[in-house]
Structure formats: C-alpha cells, structure tokens
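Let's learn to read a few features of a protein model together. Take a look at the sequence and structure below, and then we'll talk them through.

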Amino acid sequence: MNILSYLQRIGRALMVPVATLPAAAILVGVGYWIDPTGWGADNELAALFITSGTAILNNMGMLFAIGIAYGMSKDKDGAAALSGLIGFIVVMQLCSPAAVAMIQGIPIEEVPKAFGKINNQFIGILVGVFSAELYNRYSNVELPQALSFFSGRRLVPILNSFLMIVVSFILMFIWPVVYGWLVAFGESITNLGSVGAGLYAFFNRLLILIGLHHALNSVFWFDVAGINDIPNFLGGQKSIEAGTAVMGITGRYQAGFFPIMMFGLPGAALAIYHCARPENRAKVAGIMMAGAFASFFAGVTEPLEFSFMFVAPVLYVLHAVMTGISVYIAATMHWIAGFGFSAGLVDMLLSSRNPLAVHWYMLIPQGLVFFCLYYVVFRFTIKKFNLMTPGRELSATDETDGYDIDMAKKESHSAGSIHEIAHQYIAAVGGSGNLTSVDSCITRLRLSVNDSSLVNEQWVKHLGATGVIRLNKQSVQIIIGTRAELISSMMKEILKKGYVAAAKVTLKSETDVLVEKEDKQAGKPILTLIAPVTGELVKLEDVPDEAFSSKLVGDGIAIRPTSDTVFAPVAGKVVKIFDTNHAVCIETDSGIEIIIHIGIDTVSLNGTGFERLVEEGEQVKIGHPLLKLDLDYLNAHAKSMVSPVIISNIDDYAGVKILTKGNVIANKSDLFQVMQ
C-alpha cells in the first residue's frame, strides 16, 4: 500500500473522534448561553453543560487513539478500540514528566517541556495506528491450549501494552525533537499573524481534494503545536484566565470561514444556477439549494465544492484564494467567532455569547460582501471561459444521452431506498469483486478497490454523486453528501450477504434502445439452468429478503432444499465463493452470471453448516458438486433456508422463463431459461 492510500485510511478513521466535536461544542455553547459571564459559577445547569463539553475537548488525544484504532481495524471490532485505549494510557503514564524524570534519573525541572504536552492528538494518532496494525496482524492468532483463553482478540490489548512500553521508550528521545519541529512550524505561521491565518485557510481548502485537510487542521485547531485554537476558544473565560486565550487573537483560524461557508459558497451556487442552460435550471436549482443550505446552516461545504472542483478547477483555486482572503480580513479586523464542528449558522449562534467572540456580528456584513464577490467572480469566470459547471453540459436533445433505459428506470424507482442505492453504488464501482474495503466520512465514500479504472463514473454520477476522485489505482472517493455514512454502512451489509455484479451501463442512442427493446420482446432462450439442489420451489417475490424479493440482486427463482449437496446448474467458471461458504457465483463462457445463495442471512453463521467442494477460479461442468450442507444444523439456526438461484446481470438480457412448479430434483429438473 502506498503512502497516500495509507494516509487516506488515517484520514477517514479520524472522522470517528472528530465527529464528537459537535457534541462538545453544543454542550459548551449552551452552557455559555445560560451563564455568559460566570462560566458556570453562577448557574448549576450551565456548569453541568460546560463541564460535560470540556470533558470531551480535554481528552481529544485519547479519543483519537481509540477512534483511529477502531477505524483502521480490519473488521471495526471493539477489541481494537480497547487496544487503542490501553496503549494511550500506557504512553501517557510512561511519558509523563514524573516518569521521564525517574527513568532518566534527572530532576523533574530538567524534563523537556515537550512531555508536558504529551497528551495531544498527534500522539493519539500514533498510538491508534500502532494499535490498529497490531490488531489486524494478530487478532486471529491461536495460542496453545493452556493459554487459549488469551487467543485472538483478547491477545491484542496484552501485546499492545508491551508494544507501547517500547514506543514510550523511543518517544522519550524523539518526542522533544518532533515537538520542536511542530512548534517551529506553528510559530512560523503564527508569527505571520493575519497573513499566516490566510495562508492556513488557503491550504485548508486545497487539501480537501485528497481528504488530508484534517492533518493540517490538527496543527492549528488542536494542541499539537501549542496553538489549540478550537479548544482555547471554546474554553472562553477559563481560557482567558488561564492565559491560553487572547481576545481578538484566539479564534482567528476559524472566524474567516463563516463568511465563506454561510455566504460565499451560497453565492457561488446562485451563479452556477444562473449560468445553467434554461432547460436544466430546475434540476440544478434542487442540487444547488440543498448544497447552499447545508453550507449556510451547518457549514458542510463538500456537496457544493465537489460540484465544481473537477469540472472547473480554476473556480476551486479561486475559492481557495477567496477563503484565504476572508480569514485574513477577519483576523486583521479582529472579528472573531469560533466553532466546534464547522462555520455554519448553528456554530455562529452558539459562539456569540462567548467572551472571546469579538465583534462576531461583523462577519455577517463581511459575508454579504463575499456573497456578492463569489457570485460575480464565479459568473464571470464561468461565462468567460465557458466552464462546464452543473447544468451547462449539453442536453439530451443536443447529443446522445441514453443511459440504459431499464437501469435508469430501476434507479428512479429506488431513489428513496438506502438499500437499493447502496447496492447500485457497489455495482457502479466494479461490483463486490472489485471492492476491498468500504468506509466514509461526513460527505464522501472512501473506497479501496482492486482497480479504480473499473469504476463507472458516468453511472456513479447518475446515481447522484457530485464527484469521483481516483487517488491511485486502489483508492477512490465518491462525494455523495450527508447520506455517505448511511450508504457506506448499507454497502458493508450487502457485501456480507452475497455477490454483486459490476454495472454494465453504457451510453446508447434512442435507436439502439428501441432495437434492444424489440430484440428483448422476441425472447429467445439462450441458457437453461438445472436445479442445483433437490427441494420445493419458491417464487422470488416470496423470498424473505428485500434485496432478492424486489429482484434488485437479479432475477430467477428460489428453492427450499431437502438434499445436502449443491451442484452446478450450468457449466462455467467459479468466480466467487464467500469465506462463509454460503454463496457461490458462476460465470458462463457467454458472460451470464449466476448466484446460488443458500439460505437468508446465513452469512451470520460464519461458515458453520457449509463445506466447500470447489475453489475460486475452478472450471465446472453441469452437475459438478459445489457445496455440502449440514441441513439439520442449517434448518435449526438459519433465519430461512429459502435459497435464491438468480442471474445477477439480468439487465443484459430479456428476462427469465420459469420451466417448472412445485418440487425439483437436483441435476434432473430444468429450473428456468435465460431469454435474449
């Protein structure tokens, strides 16, 4: 794995602990609203909220260690998170000033001050990465019988506690050096004052392209190099009294983002709408309005940014420049507001009564100016250089459009279903055979694939994505908005259950579609499947699983098996056998893809009750044994033993014709035909 892919894994794992920041900001913000002058001293309820919020902020290093360990673990198991927690505790104890003084035999006054800052997000990330790698490597290790209780996942926290002793020893020598570099970098920016804040904001926007802006943010927003802008701002009066915050200075790495997110980007959205072709404006209006609202209200900007980032890169560079200018102006004028999540209306209101929020209301007129500036700059640039922003592409009447009509109908029918959308995204990125891991952040899917060139970008965008980023051959990001996490979770569930074929969507002319339709109506049988197992036939519509019953996975029929051997219903190549042996996928020489899925939710049995009789890549003839079933166990433990036999790429064909009813006999009864 190359370094960029690895950094991407860290970046998406960071989303787990970073997602706790809104909770902390809301708690602290509400506390300030209740008691803006006493900071909880004059109101017990305010003290409760403030103390709860600062409890999160003061332990971000620990949260980073837990979140990274969990997020980078191969199966997102709690044992990885526990390992991260134990590792962080060990490092904090061994690298505390008192422990360093004792171990090195020096007076505590001579301990480098870097160890007073050992509890930070940088160390949390380091510990989390080590913990995750240890978990991924050793969580399946089996110890001798006498020690078997400590095998597998239980072994990882134990090993990690010893590993962290070594890490702590190394940190005693290199942490002061690393800390010195980080402080020097932070000071080089802070010494530039408002200019430094503007430079930071400029690079903050540019790094969004590859999702590494959080690495830069950790230096300025958290306590890695002593800047700690967000926690110091949220600390309010306590930060002022402790000398960690300065009126008009603390918050300058946050304040200038408010005019951009609340006003500038909505101005860009309006310009894009006005520049769209008249026939496309209704569609563009819906996209731009949703993106503008997310940006204004919550500070979620990626849906808008990715709508023009790739189709018009010059606009994105201008956006980064204007963001830097906005942050510079706010820092220079000491117009300060802060946030715990992002620079939207919610955070502005919550921070308004914070004593460090200096002239925060001036960010609103600044924002109105930037609304006009973004609108003028974007509209002029789009028109001047004829940039193909959303809605300016040629319409279907000007050039061949024509997604496969059946696929388009299917997509439209399933627009509201997370399950069906997730299934189509898997197909669009090359099917389950191309996906190696699925993850997400707030607005994007972060995927690891075998070959990024297999991602069908046209179809991905047709499903509603605003952008596709191919970082390298194995790393792809898809920007889909705030449903990213829901879709990511559903994709993982679908992948556990069975094989998903790659989407074969191509651009077709209207004539091609009509010809295909006529051919399909002709309906010639091109393949006959025999029954792979003896049992009772069940209509696919009656299968107790929506993915099969809705024919989303494909078309065919199901069998409730009464025999214990599953045979190949066709001749072809075994392209996939799931690790749990509950499903087999065969592809014929002509490209027809057949899935035999034994039972419903049988993936949860972890392979018990199934014996594999073939291997992936093996060529099989009709009637070749594929699986051996323990029917007594499966009937007792499976949710249902109704077993679909389907054609997964049925959209390439006219449909299926069922040949029999009632009961079938393995290797003797004809099951159904595939029609062309």
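A: Welcome! This is a predicted model. Let's begin with a term: a residue is buried under 20% relative accessible area, exposed over 50%, and partly exposed in between.

Q: Is D601 buried, exposed or partly exposed?

A: D601 has a relative accessible area of 26%, so it is partly exposed. You can find D601 in the loop between β11 and β12.

Q: And how does N606 count, buried or exposed?

A: N606 sits in that loop between β11 and β12 as well. Its relative accessibility is 63%, so N606 counts as exposed.

Q: What should I look for in phi?

A: Most residues other than glycine have a negative phi. Here, D601 is not a glycine, yet its phi is positive, near 60°. N606 is not a glycine either, and its phi is positive at about 55°.

Q: Where is H597, and is it buried or exposed?

A: H597 belongs to strand β11, residues 593–597. With 3% relative accessibility, H597 counts as buried. A polar atom of its side chain lies 2.8 Å from the backbone oxygen of G599. H597 also touches several residues beyond four places away in sequence, among them F548, H582 and P644.

Q: How do helices α15 and α18 cross?

A: Their axes come within 8 Å and cross at roughly 135°, so the two helices are oblique to each other. The crossing is right-handed.

Q: Which residues of α15 and α18 meet?

A: F257, P259, I260 and L265 in α15 meet H319, M322, T323, S326 and V327 in α18. Of these contact residues, six are nonpolar, three are polar and none is charged.

Terms used
Residues numbered from 1 in each chain as written. Predicted model: local features only at pLDDT ≥ 70, side-chain atom pairs only at ≥ 80, totals over all residues. Heavy atoms only, no water. Helix = DSSP H or I, 4+ residues; strand = E, 2+ residues; numbered from the N terminus. Buried < 20%, exposed > 50% of the residue type's maximum accessible area, 1.4 Å probe, protein only. Polar contact = N/O pair within 3.5 Å; in protein donor to acceptor, adjacent residues only side chain to side chain. Contact = heavy atoms within 4.5 Å. Axes fitted to C-alpha atoms, helices over the stretch in contact; angles between N-to-C directions. Parallel < 35°, antiparallel > 145°, perpendicular 65-115°, else oblique. Left-handed = near helix turned anticlockwise from the far one by under 90°. Nonpolar A, V, L, I, M, F, W, Y, C, P; charged D, E, K, R; others polar.
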